[in-house]
Amino acid sequence: MPNNVIVLGTQWGDEGKGKIADLLTSKANIVVRSQGGNNAGHTLVVGSKKVVVRLVPSGILHKDCLCLIGSGVVVNPSALFEEIEELNRAGVENVESRLKLSAGSSLLLPVHPAIDKGAEKLRGKSAIGTTGRGIGPCYEDKVARRGVRVGDLYDMEFLKERLKNLLEYRNFQLKNYYKEPEISFDEVYSYLENIRERLLSMVADISLILANAKKEHQKVLFEGAQGTFLDIDYGTYPYVTSSNTVAGGCVTGSGAGPLDIDYVLGIAKVYTTRVGGGPYPTELNDEIGEGIRKRGAEFGAVTGRPRRTGWYDAVAMRRAVTINSITGLALMKMDVLDGMDELKICTAYKLKDGTLSELPPLSAHEYEGVTPVYESMPGWKESTFGITKWDDLPENAQKYIRRLEELSGAKVAILSTGPEREQTIYLDDPFAD
Ligand code: GDP
Ligand code: IMO
Ligand code: MG
């Protein structure tokens with residue numbers, strides 16, 4: 001009986017994780033975020049209402065759902081509070097009392113966005129195109145063991161020393177390397193004094209909550225952020241984010257046990273998008289790509305940047321399927337491909353030396369000279385928007401989906417035909433008894 005289900009992105013983010021996490025939460029007791037921070041932007045649409053969550057797990061719209069933030073997440077307290085206010089204003093009930101936070105989560109401080117922006121400026125032409133939220137620098141401090149964590153707020157004297165050390169290091173960098181204004185210790189310290197009580201009231205042992213949930217056979221949804229090819233180890237390095245976005249990260253970042261996961265639902269669009277820099281073999285820099293961007297409203301939920309668009313990439317997908325132990329796929333935004341004459345699917349990469357590869361390279365520089373090998377399929381003229389039954393899909397749409405399954409090596413469990421909850425075709429239920 002699947003109780004612990006991971007929902008994660010198999011491409012470069014923005015696959016539609018929010019919609020699916022929200023949808024499956026009608027069956028889940030708990031939703032947990034394990035990595036990333038407010039670089040994520042997950043869109044939830046209920047009726048005419050649209051909500052974008054960044055740090056808060058996408059289960060929050062379901063009034064009985066407990067929402068957890070694990071140790072692997074980097075938490076910007078003011079961004080979190082802002083988001084809670086937004087949700088309160090939208091009429092979501094008991095947001096703060098249903099939100100629990102690990103003492104081990106890293107505190108993302110005002111110095112981190114400053115470093116993020118300074119570093120991007122210095123990178124010039126090879127800028128990563130980060131969200132500018134300070135995610136990378138916060139993870140740097142964590143890994144360098146100079147970071148401050150939520151639990152440090154229990155002991156302000158201890159925190160004071162840690163913060164002094166951190167700011168001394170970062171301010172030296174800001175001043176001498178990035179030529180940017182320094183960040184005042186006093187300001188950051190008094191900011192932390194101000195947010196301390198409120199943040200600590202949300203602290204809980206997330207790992208223990210998950211262990212107890214398992215004993216009680218509760219249903220838990222692990223909500224990934226970003227996507228497989230933005231993973232720090234397996235993405236198109238260095239054009240990646242700074243956390244493990246793959247299934248393994250859901251386990252380490254939440255404190256669940258590796259054998260507790262019953263089902264991994266991989267989310268993919270039926271085409272691809274990417275925001276920011278980095279290799280993208282199937283990118284379309286033409287009117288077809290522009291059409292997909294327009295019909296799919298492909299603009300960043302966090303930064304509003306236009307997303308790069310391209311054909312479905314089965315080469316990348318094959319890697320995503322094995323690396324994440326994908327049980328089933330949720331294929332999204334079917335309706336965006338309506339009305340196209342021809343659809344292409346990338347089945348292999350032709351490398352610089354002319355050889356073909358069915359799996360993607362590991363680092364960005366190895367993508368140099370890579371060209372996609374395409375298979376072509378006819379499109380469909382009918383609208384698929386809002387269709388809820390497989391049999392109602394145009395024949396060519398059915399064929400396209402079946403071919404994506406074959407080429408990717410995973411079965412489709414869910415097919416999405418619109419942004420709303422109801423605009424969904426179910427072929428398999430990840431939480432089914
Ligand atoms: P996430 O970061 O993976 O949660 O995805 P985002 O929320 O950043 O981007 C996905 C966008 O696609 C959102 O605006 C969703 O409302 C929208 N969306 C999700 N599924 C569908 C679908 O099947 N069709 C259409 N047209 N839009 C969808
Ligand atoms: P969700 O969860 C799409 C991208 C940025 C940039 C790179 C590094 O909504 O899918 P960072 O600020 O993390 O250091 O930026 O990663 N990126 C995302 N792209 N969706 C996201 O999140 C992203 N989070 C980060 O555009 O290329
Ligand atoms: Mg997003």
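Analyst: The buried residues of H7 pack against E2, strand E5 (66-69), strand E7 (99-101) and strand E9 (220-223), where contact means heavy atoms within 4.5 Å. Helices (H or I, at least four residues) and strands (E, at least two) are DSSP runs, numbered from the N terminus. This is a predicted model, in which local features need pLDDT of at least 70 and side-chain atom pairs count only at pLDDT 80 or more, while totals for chains, interfaces and linings use all residues. Residues are numbered from 1 along each chain as its sequence is written, chains are lettered from A and ligands numbered from 1 in the order in which they are written, and side-chain values use heavy atoms, with hydrogens and water left out.

User: What makes the buried residues of H7 lie on the same side of the helix?

Analyst: In H7, which spans residues 206-215, the buried residues are Ile206, Leu210 and Ala213. They are placed on the same side of H7 because they cover an arc of only 60° around the axis, the arc being that of the directions from the helix axis to the C-beta atoms.

User: Why is glycine 41 called buried?

Analyst: Buried means under 20% relative accessible area, exposed over 50% and partly exposed in between (1.4 Å probe, protein chains only). Glycine 41 has 11% relative accessibility and therefore counts as buried. Aspartate 14, with a relative accessible area of 23%, is partly exposed.

User: How do you know that Asp14 and Gly41 coordinate the magnesium ion (ligand 3)?

Analyst: Donors are N, O and S atoms within 2.8 Å of the metal (3.2 Å for Na, K and Ca), and water is not among the atoms, so sites may look incomplete. The magnesium ion is coordinated by Asp14 (OD) and Gly41 (O), at 2.0 to 2.2 Å. The pair links distant parts of the chain, 27 residues apart: aspartate 14 is in the loop between strand E1 (4-9) and helix H1 (17-24), and glycine 41 is in the loop between strand E2 (30-33) and strand E3 (42-46).

User: What makes the approach of threonine 241 to ligand 2 a polar contact?

Analyst: A polar contact is a pair of N or O atoms within 3.5 Å; within protein, one must be able to donate a hydrogen and the other to accept it, and residues adjacent in sequence count only if both atoms are side-chain atoms. A polar side-chain atom of threonine 241 lies 2.6 Å from an oxygen atom of ligand 2.
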